[in-house]
Structures are given as C-alpha cells and as structure tokens.
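Please keep the sequence and the model in view while reading.

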Amino acid sequence: MKTLYIDCGMGAAGDMLTAALLELLPDPDAFIKRMDSLGIPGVEISREKACKCGITGTHVTVRVNGEEEGEHLNHHDNDHEHEHGHGHEHEHNHEHEHDHDHHHEHAHSSMKDIEELIASLELPQKVREDALAVYRLIAEAESVCHGRPVEQIHFHEVGSIDAVADVTAVCLLMHELAPDEVIVSPVHVGSGHVRCAHGILPVPAPATAYILRGVPIYGGGIKGELCTPTGAALLKHFADRFGDMPVMSASAIGYGMGKKDFPAANCVRAMIGESGGLTDEVLELSCNVDDMTAEAIGFACERLFEGGAREVYTVPIGMKKSRPGTLIRVMCGREDRDMMLGLLFKHTTTIGVREAVTRRYVLERRVETLETDDGEVRLKISSGYGTTRRKYEYDDLARIAREKDISLREAEELIEER
C-alpha cells in the first residue's frame, strides 16, 4: 500500500507542506512551472535550499506581483511569516484596514471570489474539489470565531492569492503523489500568544483550534504559532487518520522548511513508501445493562447501526449481586463519537459509557459488480498482508436463491458456473 506519512513535530503551514511534498516528486522544477502556468493572478513560485539545525530541505516562496507575503505586512509578529495568517490575519474587513501600520490599500476577496478563482484554474476536477473543501474549512472556522456568516468573511487580496497558491499546490501535489493512505502525526501547535490584525490572540489561534477539533494536538516549550489555519485545514482534509508512523519502507523523504530558526528544526517532514497493510483508529464505546429486554437491546443496536456505527455487538456478562447482564459495545470513528453517545444514552438504560481507543489492521476492500443472467451481483474483494478474499454480497445471493427457490450455496455455484 502506498502510504504518505506527514510529521508535524514543528507544526504545519501551507508553504512548508508544499515544500515537503515537492521533494517527493522526481522533477520538482516541472511542478513549479506547472503551478506558474495555472493562471493564478500575479503569482510566481520559487524554491530554494534551506538548512535548519543541520538538516537541508526546501523552502518555497510565493510572490504576488513581485511581493512576498511577509514583505508588506510588517506589523505581524509570527513564526511562519510567509504563510501565517491566511486564515485569521487577513480576513479583516475594510473598517479594520485603516488601523494597519503599513497603510497600504488592498481590495478584499470573499469566499465566492475564492471559489470563482479556483474554478477558473486549469486543474483536474478532483484538485478543484479538494482546494474548495480546504477553503471552506477555513471560512467556517473564521465564521464561527468572528461571529459572522461565511458570506461576510473577507480575505485580504494579497494574502488570499498567496493562500490560494499554497492550497492549490498542496492539493495538486497530493493528486500527483496519489497515496492510498495519508497518516499525520499529532500536531505541535506551539504556545504563548501571537499578534494579529485584531490584537493579541492565544496559541493556537481560534481559527486553528476550531479546525483541529478532534485532532490530537499538543503545545510545548516553543513560543509562537507553529500551526496556521491553512496548514490545519490541509491536514484535516487529507488525513485518513492521525497517529504514529506505521511500519513502512520509505522510497522518498521530503523536508519543507519554515523561515524562522528554533532550537528544533523548523520543518515539516513527509515520507512516502509502502506499508504492509491498511490501519486505522477506532473508538470502542461500551456499557453494561441488566434491566433491558432482549427486544429493547436489539432495537438499540439497530439505531446505533443506522446512526453510523461500524460495528455493534453484545456479550452476556455477570454483574454485581450475581445478576446476569449484557455488555453493549459500539465501534465508531472519532467523528461519530457524539452521535453514538447520544444514541446509547437515549436507547439504553445505562448511566455511563466507557471509551477505549483501538488501532485496527484491516484488509483493503473494493466491490466489483458482475453482470449475470440473473441480474447484477456484487463481489466483495479484500486484500492485504499476503491474503486475498472474495465474497458475493449476501443480499444478491439471497435474491437469486428466492427467485429460483434454491439454497444460498446453489446460488453461489450458479454464479461461478457462468
């Protein structure tokens, strides 16, 4: 399985992710030329070697009309000066513009403007969809944090064009690298405070914190904002899961460098290669009940499946005072935790639910549809770890068995004969 692992031990920013992924390509210069030819207004992208704590990597610079993002916003006090603030520092409206130290006049772009710009670029449709999804994550976060509808969120023109280049570059790089699985480390967000157009904010900045809900993050001794809203949104969109690096054989390693120097190497590291099989992380939610009927337990299980549970099962147990009871266990993704908890408390008599985080090793799965004389039959194929399994969809076998008044085994043999 082709696996991409992104190490965010020093946070993440759009330009750093671009640079790290760029080093994984066999011809980075060809990619830079392609980006410059997309037609993003006034954008010119360049790459140069950079060294942090003795490690050599790539630093990517985006200039808009010959101007680099950090060059005209001298009032910023941040760590990733090039990309930082695409989410929250530049989304001010015109009434804030008069307070800026640089006294430059710039237009502003709305979310609609950004959508139209991305839609106009010569990109594969999937890349456009990814870029728009990333921007919507940022806009939603800004809307919540500033208390304004998404339609009223405005992006500073130079900053927004710069961010479009970063977001588009990462989405296009992901498209070209085409990993089967993307795993991201827990994200180091930094600590302390950061100065922005609205004043002094805690780290992680409100927009970044909102985007990273449900993602494992941590602070530390390094003062400053290490993960920006753009970096957070890109990670949130592309990560299949967050966790430790899997067992893998890396074929390429890339280092994307930030601008500032810290005691630790200020970089994002990306590794791509082959891993033995697909892994993911699931939550196990469990409760014990001793005062529910079998029918009520069955109904609860049905509702949990309908709500998105990956698995629900029961186990007979002995409870206190020698009462027989039932263990109800639900397996779900982190994103479905609140839904599952609500359903457990609504449809069972439990007054407490236990949670455990479990890593699964699973086979890759795909479904092929076979055309037969008896209609379409779905064939489920699972592979990985040196094993391949094939199984016909039960509902399709059962339909044929009922129609022909034969057994399930005879229905399966009938399909195989044809």
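## The covered helix H9

In this predicted model, the buried residues of helix H9 are Pro229, Thr230, Gly231, Ala232, Ala233, Leu234, Leu235 and Phe238, where buried means under 20% relative accessible area, exposed over 50%, and partly exposed in between, with a 1.4 Å probe and protein chains only. H9 is thus mostly covered, with 8 of its 10 residues buried. Helices (H or I, at least four residues) and strands (E, at least two) are DSSP runs, numbered from the N terminus.

Residues are numbered from 1 along each chain as its sequence is written. The model is predicted, with local features needing pLDDT of at least 70 and side-chain atom pairs counting only at pLDDT 80 or more, while totals for chains, interfaces and linings use all residues, and side-chain values use heavy atoms, with hydrogens and water left out.

## H6 against H9

Helix H6 (residues 125-146) packs against helix H9 (residues 229-238) at an angle of about 125 degrees, their axes lying 9 Å apart; axes are lines fitted to C-alpha atoms, for helices over the stretch in contact, and angles run from 0 to 180 degrees between N-to-C directions. H6 and H9 are therefore oblique to each other, given that angles under 35 degrees count as roughly parallel, over 145 as roughly antiparallel, 65 to 115 as roughly perpendicular and the rest as oblique.

On the H6 side, Asp130, Ala133, Val134, Leu137 and Ile138 meet Pro229, Thr230, Ala233, Leu234, Lys236, His237 and Phe238 of H9, contact meaning heavy atoms within 4.5 Å. The residues of this contact divide into 8 nonpolar, 2 polar and 2 charged, with Ala, Val, Leu, Ile, Met, Phe, Trp, Tyr, Cys and Pro counted as nonpolar, Asp, Glu, Lys and Arg as charged, and the others, Gly among them, as polar.

## H5 against H6

Helix H5 (residues 111-120) and H6 pack at an angle of about 165 degrees, with 10 Å between their axes, which makes H5 roughly antiparallel to H6. The crossing of H5 and H6 is right-handed. From H5, the contact takes in Met111, Ile114, Glu115, Ile118 and Ala119, and from H6, Arg128, Ala131, Leu132, Tyr135, Arg136 and Ala139; these residues divide into 8 nonpolar, no polar and 3 charged.

Glutamate 116 also has its place in H5, and at 46% relative accessibility it counts as partly exposed. Its C-alpha atom is separated by 9.9 Å from that of leucine 132, 16 residues apart from it along the chain.

## Two further residues

Aspartate 396, in helix H12 (residues 394-404), is buried, with a relative accessible area of 8%. Apart from neighbours within four places in sequence, aspartate 396 is in contact with Glu376, Val377 and Arg378.

Glycine 66, by contrast, is exposed at 54% relative accessible area, and lies in the loop between strand S3 (55-64) and strand S4 (67-68). Glycine 66 and glycine 42 are 24 residues apart in sequence, and their C-alpha atoms are 7.7 Å apart in space.

## The chain as a whole

The secondary structure of the chain comes to 13 helices and 23 strands, and buried residues make up 51% of its 418 residues. Among contacts between residues at least 6 apart in sequence, 68% join residues at least 24 apart.

Terms used. A crossing is left-handed if the near helix is turned anticlockwise from the far one by less than a right angle, and right-handed if clockwise.
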